[in-house]
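Please look through the structure below before reading the report that follows.

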Amino acid sequence: HVEYKFVECPSCDEEADLCSRTVFTCCVFYAKQFAALRHLYCGGEDLCIIKSLSRGQAFVPSGGKSGSSFVKTLDQRFILKQVKQIEITHLLSVSHKYFEYMVRVYRQKLPTTLVKILGAYRVAVKPAGSSAAPPVLNYILMENLFYNQQVDQIYDLKGSMRNRFQAKGSAVLMDENLLQALYDSGKWLFAREEDKDQFSMSIHNDTLLLSKLNVMDYSLLVGVDHKASQLLVGIIDYIREYSIDKHFETFLKSTGVMGGGKREPTVIQPRSYKQRFRQAMRNYFLVIPSKHTPWILRDYSYKTIVDPPLRQFIQNCAFSFFQTASSRSLLRAGSSPTTSLLSEPTAVTSADASLAIGQALPVVSIQQPSLSGGELARLL
């Protein structure tokens, strides 16, 4: 760590008493390591980043519940977030694992959705004439996920259905808002098959790391750009440890003392949080089938590679799949997230994905229905 001290002198008298000066103190945590990380991912020297940080504006995220203060640089590149002491302490205790992971991501080109933390700082300002100890503020420097993007709608998704509804339509929406949009207007989050595979691998890698770091209560921030037909995604708020107070919170909310009915608490132990988060992200983002979606036709029955949630969805639906003899067209649905095929401790790469396609995959077989002409017309 490196600590800097700046003294503002109201007069030119160098012998002036320090009590008459404002003293600024800034501790830069893991200065060399974060500088190397910024060099890898920001494409330039720190001087450019310092220029960005020299001009900023405070803002409050709409719908936010953390109560943290935020500062966004005027060029929109970076965000400074004030964090609690317990959060900065945990970040410093696991920083070596975070650095190792980000280096692996860079060198091995592992897919990731983590919104990168590029610096950690402790700042104190002692006003002139004050003899009391100055308050200490902790900050982390993050990349702005929506830099240079036109985002129409933002979701903060945790995979929980407990108190995850935002009544203000202009605010950052949550999980229950997303489901309501599906029920009311059929709006959903669609992705191409190759993008969904990449996304699934990223979620697998990132949640595996966070679970090992004993972290939970993180979110997937999603920005929807309707004009460009793009989804911008990134995991945020991933430095909160599952400490004793979170254990107690989980217990109280599980008993229903704090409301919420019988719904599972948002905050649960990291391993369970990881599994629930992965499952929810698989369900929230649907695949747009393409000509490359794998299907096998055999004896009037269809076999398709699907993940367990989609297989369960197909089994629960009353739809019938069939092929017309004239067109010989196949109805395609579903895709194969490769992450479910790999052992838990392994980070997923694109090479793993191509290899996994040739392995034994879970399939669902739907027999050719015997339907009359009238029933076929009604289905069509």
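## A pair across the chain

E143 has a relative accessibility of 24% and so counts as partly exposed, a label for values between the limits for buried (under 20% relative accessible area) and exposed (over 50%), found with a 1.4 Å probe on protein chains only. E143 forms a salt bridge with K116, their closest N and O atoms being 3.4 Å apart, where a salt bridge is a side-chain nitrogen of Lys or Arg within 4 Å of a carboxyl oxygen of Asp or Glu. K116 is buried, with a relative accessible area of 14%.

## How the model was read

This is a predicted model, in which local features need pLDDT of at least 70 and side-chain atom pairs count only at pLDDT 80 or more, while totals for chains, interfaces and linings use all residues. Residues are numbered from 1 along each chain as its sequence is written, and side-chain values use heavy atoms, leaving out hydrogens and water.

## Other salt bridges

The whole structure holds 6 salt bridges. One of them joins R38 to D46, with the closest N and O atoms 2.8 Å apart; R38 counts as buried at 8% relative accessibility, whereas D46 is partly exposed at 26%. Another joins K158 to D217, with the closest N and O atoms 3.2 Å apart, and here K158 is buried at 9% relative accessibility, as is D217 at 19%.

## A buried residue without a salt bridge

D225 is buried yet has no salt bridge, and the nearest side chain of opposite charge, K227, is 7.7 Å away. The side chain of D225 does, however, reach the backbone nitrogen of K227 at 3.3 Å.

Methods
Lys, Arg positive; Asp, Glu negative; His and termini not counted. Polar contact = N/O pair within 3.5 Å; in protein donor to acceptor, adjacent residues only side chain to side chain.
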